[in-house]
Amino acid sequence: MFTPLEDIRFLADSENRFTALEALAAGPRTRAELRTATEASKATISRLLGDFESRGWVARNGHRYALTPLGEYVASEFIDLYDHMTTASDLRELLPWFPLGELDIEFDLEVLTEARITAATPDDPMAPVARVLDIERESTRTKTLADKFPEPCVDARHEAVVGGSQTMELVTTLTVIEAVMASPCADEFEDIVAADRAAVYIYDGDVPPGGIYDGTAYRIVLDDRDVSVGLIESDDPALVDRLTETFDEYRDASTRLTASELQNGRESVGAKT
């Protein structure tokens, strides 16, 4: 007999055991298929299957092994635990900076269990930025609060709005607009502002970076140095509704920017705001 803690330790102590259990959860597997999934030796797979059988988790049918009802239960619960711990690991660096207080909702960390988290790492510090570019390039409808609008983002939005069929609402600041108009992509930005599917607004103050795209909310997480440490995306209705309300509040307090104002120069933009 094995105690619950011994079973937990048995699975947690070996990546091969967890990978094999995960593969079996997807359907019956041969020994060869389990070796491919785990990249383990024949001897390791043999021991692993013997241990699974002794616990009543798998049964052999010809050349294939399948989870028993008990094995399916164990796999489901342990994989779920693994997913939760993966989320906890991803959130470890982001949560201290995630603006829970600003959201003003009954926030439960379960909301983030199913969230997509893109964290900056030493190996890939630009991962959140790359994900934002994907959102800006691939979405069909966006509502964005932007505290920055670097050249790659302008290029991505030009491709999506002017060259594609994206409908875009953007709320940003005069400082951001001035920086864009002083950059090599000023002409592209003018095209975006002039596009029928785009509406750009100037807010007098700071804006929290994030927004909503195609029914999914996202928030860029900044540390105390104003450096992006991650991106959190979720289609949880409460979070989507709250961030939609936040966007609407900033947009309603902003002034819409027109193409003619840009053509007349940044002085006219400043005069209007």
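Predicted model: local features only at pLDDT ≥ 70, side-chain atom pairs only at ≥ 80, totals over all residues.

Visitor: What relative accessibility does Asp 214 have?

Guide: Residues are numbered from 1 along each chain as its sequence is written, and side-chain values use heavy atoms, with hydrogens and water left out. Buried means under 20% relative accessible area, exposed over 50%, and partly exposed in between (1.4 Å probe, protein chains only). Asp 214 counts as partly exposed because its relative accessibility is 39%.

Visitor: Where is Asp 214 found?

Guide: Phi of Asp 214 is near 45°, a positive value in a residue other than glycine. Helices (H or I, at least four residues) and strands (E, at least two) are DSSP runs, numbered from the N terminus. By that numbering, Asp 214 is found in the loop between S8 and S9.

Visitor: Does Glu 39 count as buried or exposed?

Guide: Glu 39 is not a glycine either, yet it has a positive phi of about 60°. It lies in the loop between helix H3 (31-38) and helix H4 (42-54). Its relative accessibility is 72%, so Glu 39 counts as exposed.

Visitor: Stepping back, how many helices and strands does the protein chain have?

Guide: The protein chain has 273 residues, of which 44% count as buried. Taking contacts (heavy atoms within 4.5 Å) between residues at least 6 apart in sequence, 68% join residues at least 24 apart. The chain has 14 helices and eleven strands.

Visitor: Which strands are the edge strands of the open sheet of eight strands?

Guide: The order of this sheet is S4-S10-S9-S8-S5-S6-S7-S11, with mixed pairing. Two strands pair if DSSP finds at least two bridges between them. Two strands pair on one side only, and these edge strands are S4 (116-119) and S11 (255-257).

Visitor: Which residue in S10 stands opposite Thr 118?

Guide: S4 and strand S10 (residues 228-234) pair in the antiparallel sense, over four bridges. In S10, the residue opposite Thr 118 is Leu 231.

Visitor: What angle does the direction of H12 make with that of S5?

Guide: Axes are lines fitted to C-alpha atoms, for helices over the stretch in contact, and angles run from 0 to 180 degrees between N-to-C directions. H12 packs on the sheet, and the strands it touches include S5 (141-145), S6 (167-173) and S7 (198-203). The direction of H12 makes an angle with that of S5 of about 65°.

Visitor: Why does Arg 251 count as buried?

Guide: Arg 251 sits in helix H12 (residues 237-252). Leaving aside residues up to four places away in sequence, it touches Lys 143, Glu 169, Val 171 and Tyr 201. Arg 251 counts as buried because its relative accessibility is 18%.

Visitor: Which residue's side chain makes a polar contact with the side chain of Arg 251?

Guide: A polar contact is a pair of N or O atoms within 3.5 Å; within protein, one must be able to donate a hydrogen and the other to accept it, and residues adjacent in sequence count only if both atoms are side-chain atoms. For Arg 251, the contact spans 3.4 Å, and the partner is the side chain of Asp 252.

Visitor: Which residues form the covered face of strand S3?

Guide: In a regular strand the side chains alternate between the two faces of the sheet. Strand S3 (residues 64-67) has Arg 64 and Ala 66 on its uncovered face, while its covered face holds Tyr 65 and Leu 67.
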